[in-house]
Structure formats: C-alpha cells, structure tokens
Amino acid sequence: MKQSSILFLQGVIVLIVIVVLAIMIQFPITEGRAENLDLFRIYSDPFILFGYAASIPFFIALYKTFKLLGFIGQNKAFSLDSVTTLRSIRYCAIVLSIFIAMAGLYIKIFHNKNDDPAGFLAMCIATTFMTLVIATAVSVFEKILQNGIEIKSENK
C-alpha cells in the first residue's frame with residue numbers, strides 16, 4: 001500500500017477523533033433538558049458520564065486502527081503485532097456493543113413516560129448491530145492474517 005494512502009487514512013482517523021470529541025463536548029450543552037442547568041450539573045449527569053465511559057473502547061479502537069495502519073506502512077502487515085492489534089480492535093467493538101445495548105436498556109426502563117424512546121432505541125439497535133458486524137469482520141481478517149503468517153513461516 002502506498003505511503004500516501006496510509007497517511008490519508010491516518011489523517012481520516014485523526015479527523016474522526018477530533019469531530020467525535022467536539023460532539024461529545026458540545027452536545028450535552030445543547031441538549032433540551034440542559035437548558036436551565038449549569039456546566040457542573042450538565043457534565044455530572046449519570047447518562048452523560050456513562051456515554052463518556054462507553055466512548056473509551058471507541059477511542060482505543062481508533063488508536064489501534066491508527067497503529068495497524070502504521071504496521072502496514074512499515075510492511076509489517078503479516079506480523080504478530082498486527083494480529084494482536086486486530087484482536088484488541090475486536091474486543092473493543094464487542095465491549096462497545098455491550099455499552100450501547102446497556103444504554104438502550106437504561107433508556108427503555110427509566111425513560112420519562114411522556115417521552116418516546118423509539119428513535120434512541122432504533123439507533124441503539126442499529127449501532128449495536130454495526131459494531132458486532134465490525135467485530136465479526138475484524139475476526140475474519142485476524143484469522144486470514146494468522147493463516148498468512150503461518151504460511152509465511154512455513155515457506156521460510
């Protein structure tokens with residue numbers, strides 16, 4: 001893979017991190033129920049804090065993806081480091097899907113009876129499914145990479 005392509009993909013990952021961090025900082029302030037609250041009360045809300053805690057696996061997965069692109073750029077794609085990086089990305093995707101499902105259950109159980117949580121629950125279902133698809137795809141890539149490493153070692 002060309003070095004320029006890898007740098008472009010790493011730049012995209014950095015932009016994703018910046019945009020998601022900006023959204024995570026700005027969104028709680030603009031949320032409807034935060035109109036009459038001060039900053040401390042907004043950012044000490046249990047659901048907001050849970051969202052921040054649940055974002056940790058997302059950022060770890062992005063960092064690991066950035067690192068994996070670095071391995072590819074160094075022609076170390078077929079190495080044990082790449083396999084362990086893919087494994088940790090898979091674990092992050094699984095943990096993130098669990099956190100998203102927990103948020104959906106929390107909203108389903110504790111939502112205000114005047115609110116309709118259908119949109120949020122649909123987003124939870126879709127993102128949980130998406131993260132599980134990503135975990136499955138990464139698992140397939142991990143196995144393919146491991147088979148490639150075994151074939152490479154047999155040829156030596």
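**Close-up views of a predicted model**

**View 1. The second largest pocket and its lining.** Leu68, Ile72, Ala77, Phe78, Ser82, Leu86, Phe141, Ile144 and Leu145 line the second largest pocket. This is a predicted model: local features need pLDDT of at least 70, side-chain atom pairs count only at pLDDT 80 or more, and totals for chains, interfaces and linings use all residues. Residues are numbered from 1 along each chain as its sequence is written, and side-chain values use heavy atoms, with hydrogens and water left out. A pocket is an open set of points, on a 1 Å grid over the protein atoms alone, where a 1.4 Å probe fits, with protein on both sides within 12 Å along at least five of seven lines; lining residues have an atom within 4 Å of a point. The volume is about 160 Å³, meaning the space filled by probe spheres set on the points, which are joined across faces, edges and corners. Helices α3, α4 and α5 (118-155) each supply at least two lining residues. Helix α5 gives the most, with three. By class, the lining has eight nonpolar residues, one polar and no charged. Ala, Val, Leu, Ile, Met, Phe, Trp, Tyr, Cys and Pro count as nonpolar, Asp, Glu, Lys and Arg as charged, and the others, Gly among them, as polar. Helices are DSSP runs (H or I, at least four residues), numbered from the N terminus.

**View 2. Helices α1 and α3 packed together.** Helix α1 covers residues 3-30. The angle between α1 and α3 is about 170°, and their axes are 9 Å apart. Axes are lines fitted to C-alpha atoms over the stretch in contact, and angles run from 0 to 180 degrees between N-to-C directions. The two helices are therefore roughly antiparallel (angles over 145 degrees). Their contact has 19 nonpolar, seven polar and no charged residues.

**View 3. Arg90 in helix α4.** Arg90 is buried, with a relative accessible area of 18%. Buried means under 20%, exposed over 50%, and partly exposed in between (1.4 Å probe, protein chains only). Arg90 touches Ala135, Val138, Ser139 and Glu142, leaving aside residues up to four places away in sequence. Contact means heavy atoms within 4.5 Å.

**View 4. Asn75 in a loop.** Asn75 sits between α3 (46-73) and α4 (80-110). Its phi is positive, about 60°, although Asn75 is not a glycine. Asn75 is exposed, with a relative accessible area of 70%.

**View 5. Met130 in helix α5.** Met130 is partly exposed, at 46% relative accessibility. The C-alpha atoms of Met130 and Ile16 are separated by 17 Å. Along the chain, these residues are 114 apart.

Key
Parallel < 35°, antiparallel > 145°, perpendicular 65-115°, else oblique.
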